[in-house]
Protein chains: 2
Amino acid sequence: MKVGIIGGGQLARMLALAGYPLGLQFKVYDPTSDACAGQVAPLTIGAFDDGAALCAFAEGLDVVTFDFENLPAASLRILSERVRVAPGPAILEVAQDRLAEKSCAQSLGIPCGDWWEVNEFADLQRLLLERPGDYILKTRRFGYDGKGQVRIGGGRSLDAAAALLQSQSCVLEALVPFEREVSIVATRAHDGQMVFYPLTQNQHVDGVLRVSQAPAAQIEGVRELAETYVKAIADRFDYVGTLAVEFFQVGGRLLFNEIAPRVHNSGHWTIEGAVCSQFENHLRAICGWSLGRGDARFRCVMENYVGDMPPVDSIFASGDGRVHCYGKKPRPGRKVGHMTTLFSLPVTCP
Amino acid sequence: MKVGIIGGGQLARMLALAGYPLGLQFKVYDPTSDACAGQVAPLTIGAFDDGAALCAFAEGLDVVTFDFENLPAASLRILSERVRVAPGPAILEVAQDRLAEKSCAQSLGIPCGDWWEVNEFADLQRLLLERPGDYILKTRRFGYDGKGQVRIGGGRSLDAAAALLQSQSCVLEALVPFEREVSIVATRAHDGQMVFYPLTQNQHVDGVLRVSQAPAAQIEGVRELAETYVKAIADRFDYVGTLAVEFFQVGGRLLFNEIAPRVHNSGHWTIEGAVCSQFENHLRAICGWSLGRGDARFRCVMENYVGDMPPVDSIFASGDGRVHCYGKKPRPGRKVGHMTTLFSLPVTCP
């Protein structure tokens, strides 16, 4: 089968590397000529909103998927008249808009922290007068890896918030005094069957994921909650493929943070750590094949390389971590690779 | 770093797939346009004895390696004046010739079964009159996967043997009443450091490897022998990269069978089953990097698909085996893929 991937970043790259052993062939579409997935699969250069170019790209493909969610949903709709697109465009429109995303979560009974729609700076000022406290103002659209976010409260200036609201509508989120951030990665097959990966505990720095540990410790009760929530979302959209949902854990509760309608950074540990990785299962789902098990084979610690990669040989010298270079040029704040260190799972002796 | 691979079969394909996560880039050289590694890396089509084409291919590469041993050593010598070639051409000339290979093994103190050089049919007839018994006649050169071999003894006609001797010089091997076939895969770094993978037990059908089990059971004593033997060979050639040596086990002895100066089918289980795979370690060696550990993380059973691949979804339905399609057209006797099934290693409880 021939698979097209819209977006040529590290997720597309790892999808292709997971798919070649399954006998799949790949083509990648990206606006930039140095998209890193282009090092491992033929790259077509074109704009994400160029419907004609996208349709030409889709010629001869069996299925098209994508590696990031900020694509024009209209482009995917045009494509889906020509070729099978999985997951479908509907979830993109929700995941692209924090307001729609939170409304969707709440409509499915998934609790969120307190939040408000904010369109004007005057609205923000009024809200802060009524309810002083600590908040994060986030743009409704096009935020990722900490971009489009401003901390509010603790005497901080509101200048950055004013600037953000000049650019676009926002949501104001009350800062959640969470114990930890966790995410669940899952894959849903075309027939509705689901595979859940173990809960992952994540640490972000400046909004960028730095470290994931999986399976997360002390997940009694919350694992079931996370599975219920991700299943509700996936079923709502008749989702086909891998997706992730991020939560804040507060006591025994999970508060919704965001949906990623794609393979996810917090699931990279599954390449070596799970029976079948999030990448392979995404491909198996979109190809209409049965899914592999998501059980952990190891306890894993995944660390991102942000900004620049150390020389690989210096990483090799420091231990047995499994190295993943993305083939990207260094740039501050950019994810350029990751390393997963594997530990034996605890064994129960009689 | 940019790596060139001469030969574009499944071994080149799996080398590239192992090397992309290390940040390596690949080019592949093969005489056929449908060489399966060409699906995962840019393919240059050219004859193996076309020195000019090989040198053009090597332009801009940091290191060149190969995925099979029946290359003209002269071609590699020409190449090695332009670019680093690893492993070096010397071991190729030995591994290409069963007579040179056995003589080399014996000169290093590695025991072989009884064997004789046979150049004429009359020599063969004389030998069989003197020593009736069961033998295999093998061409000195260009034999692989059971090709160029004829069974002798037990009342079989000598017609096929006569035909083989018309084509080229042969060696006659006394059939060894072995208990099992085992192989050792090892990697030698540029500084002489070596990593040994656990001994693998292999089953061949019609000269083609079908099943490998690793780590082989009951290896007390023979593991050390195998490590001593492969180290003697690797040191003799100042070898850089992964190599394999196949043996017949007879009681506590290992009788030399053959050298493969490359990654080897009996090491495919290391992709999922070892801390660092034979493919990654080959690349780390030829790039001048330090090696990863070869310890087994699982007990593995690797089965080859020969002739044709079943549909992958039917394999998925049957269990959690890790599937590797090579992207090759079906053909009787051709290796087109493999599957590795992982089992927990025995745990010693206190």
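Student: To start, how many residue pairs are in polar contact between chain A and chain B?

Tutor: Keep in mind that this is a predicted model. Between chain A and chain B there are 12 residue pairs in polar contact, counting pairs with both residues at pLDDT 80 or more.

Student: Which helices and strands of chain A supply at least two residues each to the side that touches chain B?

Tutor: Helix H1 (10–19), helix H10 (278–286), helix H11 (312–317) and strand S17 (322–325) of chain A each do that. Sorted by class, the side of chain A that touches chain B has 18 nonpolar, 6 polar and 8 charged residues.

Student: And how many residues of each chain are in contact?

Tutor: 32 residues of chain A are in contact with 32 residues of chain B.

Student: What area is buried between chain A and chain B?

Tutor: About 2900 Å², with carbon and sulfur atoms giving 56% of that. On the chain A side, Tyr20(A), Phe316(A) and Arg322(A) supply 19% of the area that chain A buries against chain B, more than any other three residues.

Student: How many salt bridges are there between chain A and chain B?

Tutor: The count is 4 salt bridges. One of the bridges pairs Arg322(B) with Glu280(A), whose closest N and O atoms are 2.3 Å apart.

Student: Back to H1(A): how many of its residues are buried?

Tutor: 10 of its 10 residues are buried, so this helix is mostly covered. Among them are Leu11(A), Met14(A) and Leu17(A), and also Arg13(A) and Gln10(A).

Student: New topic. What domains is chain A divided into?

Tutor: There are domain 1 (2–85), domain 2 (114–174) and domain 3 (180–343). The centres of domain 1 and domain 2 of chain A, taken over C-alpha atoms, are separated by 34 Å.

Student: Where does Gly88(A) lie?

Tutor: In the loop between strand S5 (84–85) and helix H4 (90–95) of chain A. Gly88(A) counts as partly exposed because its relative accessibility is 33%. Gly88(A) and Gly143(A) are 55 residues apart in sequence, and their C-alpha atoms are 21 Å apart in space.

Student: Now a loop in chain B. Is Gln96(B) buried or exposed?

Tutor: Gln96(B) counts as buried, because its relative accessibility is 9%. You'll find Gln96(B) in the loop between helix H4 (90–95) and helix H5 (98–107) of chain B.

Student: What does the side chain of Gln96(B) reach?

Tutor: The side chain reaches the backbone oxygen of Leu71(B) at 2.3 Å. Setting aside neighbours within four places in sequence, Gln96(B) is in contact with residues including Glu69(B), Pro72(B), Arg140(B) and Phe142(B).

Student: Over in chain A, what caps the N-terminal end of H5(A)?

Tutor: Asp97(A) does: one of its side-chain oxygens lies 2.9 Å from the backbone nitrogen of Leu99(A). H5(A) is followed by Gly109(A), whose phi is positive, near 80°.

Student: Which residues of H5(A) are buried, and what covers them?

Tutor: Arg98(A), Leu99(A), Glu101(A), Lys102(A), Cys104(A) and Ala105(A) are the buried ones. The cover includes H4, strand S6 (115–118), strand S7 (135–139) and strand S15 (253–260) of chain A.

Student: Going back to salt bridges, how many are there over all chains?

Tutor: The count comes to 34 salt bridges. One example joins the side chains of Arg126(A) and Asp123(A), at 2.7 Å from N to O.

Student: Why are Arg126(A) and Asp123(A) separated by about one helical turn?

Tutor: Because they are 3 residues apart in helix H6 (residues 121–130) of chain A. Arg126(A) is partly exposed, with a relative accessible area of 44%, and Asp123(A) is partly exposed at 23%.

Student: What about chain B: which salt bridge links Arg188(B) to a distant part of the chain?

Tutor: The side chains of Arg188(B) and Asp235(B) meet at 2.9 Å, N to O. Arg188(B) is in strand S10 (residues 180–188) of chain B and Asp235(B) in helix H8 (residues 222–236) of chain B, 47 residues apart. Arg188(B) is buried, with a relative accessible area of 7%, whereas Asp235(B) counts as partly exposed at 31%.

Conventions:
Residues are numbered from 1 along each chain as its sequence is written. Chains are lettered from A and ligands numbered from 1 in the order in which they are written. This is a predicted model: local features need pLDDT of at least 70, side-chain atom pairs count only at pLDDT 80 or more; totals for chains, interfaces and linings use all residues. Side-chain values use heavy atoms; hydrogens and water are left out. Contact means heavy atoms within 4.5 Å. Buried area is the accessible area (1.4 Å probe) that two parts lose on being put together, summed over both. A polar contact is a pair of N or O atoms within 3.5 Å; within protein, one must be able to donate a hydrogen and the other to accept it, and residues adjacent in sequence count only if both atoms are side-chain atoms. Helices (H or I, at least four residues) and strands (E, at least two) are DSSP runs, numbered from the N terminus. Ala, Val, Leu, Ile, Met, Phe, Trp, Tyr, Cys and Pro count as nonpolar, Asp, Glu, Lys and Arg as charged, and the others, Gly among them, as polar. Buried means under 20% relative accessible area, exposed over 50%, partly exposed in between (1.4 Å probe, protein chains only). Domain bounds come from an automatic or database domain assignment.
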